[in-house]
Amino acid sequence: VVSSVNEWGADQTRILLLTDEAVHRVKYNFSTDEVVKWHTDSHDCIVRLEYGSFKASSESLTSFLCRRQIDDQQGFRLFTQAPTSRNGQGTSLESFREYRALLAEAEPWKEEVFMHEFVAAMQAIKILYQTKFEIKLTKMIKEIPGGVLALLHNANRRRQHGGT
């Protein structure tokens, strides 16, 4: 069970299941004991795994305000590439999902242990199944979207730097 960070910077409780063919992210309702949503990324779709400490973005107003909290976090980002069309033809889009140890705020030491265990498992998959994704230790820049003013500020900064 992990904390999966969505595109809005919110932590979501998910089950991360690693198999010999894919990484599965499962939204599970523990109250009703049922799977709500399931997403699978085959090992062939994985482009890279980046792991390490987070660093608050100096270009994001909200991230700047949360700098101390962000700079204490560790985790990893799983980058995948998926076709843009339904039939699998055409260009591919690269995206990532960010993960941290569940409830790491209460016990920060869990983040580093969780991160290293997952990276070791991915390194084993890379060797055993001869996959081509990259695994690298890096300082990950983190931007947290915030209120309306912060969203406008962050969007303007991305536009100025050629981002989308």
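Let's start with how the chain meets itself: among contacts between residues at least 6 apart in sequence, 54% join residues at least 24 apart. Keep in mind as you look around that this is a predicted model. The chain has four helices and nine strands, and reading along the sequence gives the pattern β-β-β-β-β-α-α-β-β-α-β-β-α. Of its 164 residues, 35% count as buried. The chain exposes about 10300 Å², with carbon and sulfur atoms supplying 53% of that area.

Now step inside. The largest nonpolar core has 19 residues, and those with the most contacts inside it are Leu-16, Leu-49, Phe-76, Leu-78, Met-122 and Ile-135. Two or more core residues come from each of β5 (46–56), β6 (74–83), β7 (92–101) and α3 (109–128). Helix α3 gives the largest share, six residues.

What kind of aromatic pair do Phe-76 and Phe-118 form? A search of the whole structure finds five aromatic pairs. The one formed by Phe-76 and Phe-118 is stacked, at 4.3 Å centre to centre with 5° between the planes. Because Phe-76 lies in strand β6 and Phe-118 in helix α3, the pair ties together parts that are 42 residues apart in sequence. Both Phe-76 and Phe-118 are buried. Ring pairs also link these two with Tyr-99 and Phe-114 into a cluster.

Leaving aside neighbours within four places in sequence, Thr-80 is in contact with Asp-41, with Cys-45, Ile-46 and Val-47, and with Leu-93, Glu-94 and Ser-95.

Which residues make a nonpolar surface patch of about 280 Å²? They are Leu-17, Val-35 and Trp-38. Val-35 is found in strand β4 (residues 34–42). With a relative accessible area of 43%, Val-35 is partly exposed, because that class runs between the 20% limit for buried and the 50% limit for exposed.

Definitions and conventions
Residues numbered from 1 in each chain as written. Predicted model: local features only at pLDDT ≥ 70, side-chain atom pairs only at ≥ 80, totals over all residues. Heavy atoms only, no water. Core = buried A, V, L, I, M, F, W, Y, C linked by side-chain atoms within 4.5 Å. Buried < 20%, exposed > 50% of the residue type's maximum accessible area, 1.4 Å probe, protein only. Patch = residues over 30% accessible without salt bridge, like charges linked within 9 Å, V, L, I, M, F, W, Y side chains within 5 Å. Areas by Shrake-Rupley, 256 points an atom, 1.4 Å probe, with all protein chains shown as cover. Salt bridge = Lys/Arg side-chain N within 4 Å of Asp/Glu carboxyl O. Contact = heavy atoms within 4.5 Å. Phe/Tyr/Trp six-rings, centres within 6.5 Å; stacked < 30°, edge-to-face > 60°.
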